[in-house]
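Have the model open while you read.

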Amino acid sequence: MQIKKILNNNAIITHNSKHQEMIVIGKAIAYGKHPNETVDETKIYKVFMPASRGDRKLILDMINEIPVQFFQIAKQIVDKAQMDSDIKLTDSVFIALTDHISSSVDRIKSGLSLTNQFLWEIRSYYPKEYRIGQWAIRLVNEDCQVQLTDDEAGFIALHIISGELGDRLDEFHEVINFVKKVTSIVTYQLSVEIDRDSLDYNRFVTHLKFFWQYMMDQSHKRVIGDLSDDMLAVIKGRKVAAYECAIKVKAFIQQNYDYTLTNEDLLYMTIHIARITDKT
């Protein structure tokens, strides 16, 4: 494998025999190397072949922002799912897992632990995926010297579940329409242009897709404990505009889908809205 461009010590760009671009990640894979030299293929964690410019930008943004350690951890989780449970996962799941694990470790080191409002359903209806999530947080805790909780095991399981379900054709247009409408509310309410190729917008869309699946699942009709009042009070004090926008989204969802957002829902919505608008 010949180097065409060095991105950093842990990532390069090369081409395959069909002259298709490949982004290759591996610890110290490019250390001491120069373009046109070969690399040690035993160091490779992951090879990406972006299908679009948007995918390419997203992967390059992650390489710039996220330490290579988290790509390695995500690779181990994907391998675990595929070897132990015969779960086939796409590159998009690998990307989402890498980003989520990195963000989770950053949050826990900052003293912020989020509650997973879907944890009961995951434990009950997706035990195989939840066990993989539990295995994953043990791996992360050991490698990163942190203490992630079962809530994070649930979040990791959600990414695996999402990869298994894929895009059901009968739901695809409804989900896309929901994401578009919520995004429109954000852009109109805050008078901003959102970079739809950005990593933060990708995170926002992922959250909305998870939320849609939960909202459409009629079997979960039960009382969910609202544990986020204090944290929501802090966030809405810091991110006033994002919180007010989240209230608009809440009203839209109540009117169109007969679903009332809890304070946990508002907390997550506010955090994601702040992320995609603070940098614009």
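Buried area here means the accessible area (1.4 Å probe) that two parts lose on being put together, summed over both. The size of an interface is often given as the accessible area lost when the parts come together. Before the numbers, a word on where they come from. This is a predicted model, in which local features need pLDDT of at least 70 and side-chain atom pairs count only at pLDDT 80 or more, while totals for chains, interfaces and linings use all residues. Residues are numbered from 1 along each chain as its sequence is written, and side-chain values use heavy atoms, with hydrogens and water left out.

**Domains 1 and 2**

The protein splits into domain 1 (2-49), domain 2 (68-169) and domain 3 (192-278), with bounds that come from an automatic or database domain assignment. The centres of domain 1 and domain 2, taken over C-alpha atoms, are 27 Å apart. In their contact (heavy atoms within 4.5 Å), 8 residues come from domain 1 and 7 residues from domain 2.

About 700 Å² is buried between domain 1 and domain 2, and carbon and sulfur atoms give 75% of that. On the domain 1 side, Y45, K46 and F48 supply 71% of the area buried against domain 2, more than any other three residues.

How many salt bridges cross the interface of domain 1 and domain 2? The rule finds 1, where a salt bridge is a side-chain nitrogen of Lys or Arg within 4 Å of a carboxyl oxygen of Asp or Glu. K46 pairs with D91 in a salt bridge, with the closest N and O atoms 2.7 Å apart.

As for strands (DSSP E runs of at least two residues, numbered from the N terminus), β3 (21-26) and β4 (44-48) each supply at least two residues of the side of domain 1 that touches domain 2. The largest share, 4 residues, comes from β4. By class, that side has 4 nonpolar, 2 polar and 2 charged residues. In this scheme Ala, Val, Leu, Ile, Met, Phe, Trp, Tyr, Cys and Pro count as nonpolar, Asp, Glu, Lys and Arg as charged, and the others, Gly among them, as polar.

**Salt bridges across the structure**

The structure holds 11 salt bridges. Here are some of them:

| Pair | Closest N and O atoms |
|---|---|
| D84 and K80 | 2.5 Å |
| R203 and D200 | 2.6 Å |
| D150 and R123 | 3.3 Å |

Helices are DSSP runs too (H or I, at least four residues). D84 and K80 are 4 residues apart in helix α2 (residues 68-85), so about one helical turn separates them. R203 and D200 are 3 residues apart in helix α8 (residues 199-216), again about one turn of the helix.

Are R203 and D200 buried or exposed? Buried means under 20% relative accessible area, exposed over 50%, and partly exposed in between (1.4 Å probe, protein chains only). R203, at 15%, counts as buried, and so does D200 at 7%. K80 is partly exposed at 22%, as are D150 at 30% and R123 at 41%.

K57, D61 and D195 are linked in a network of salt bridges.

**A buried glutamate**

E152 sits in helix α6 (residues 150-165) and is buried, with a relative accessible area of 6%. Leaving aside neighbours within four places in sequence, E152 is in contact with H100, S104, R107 and I137.
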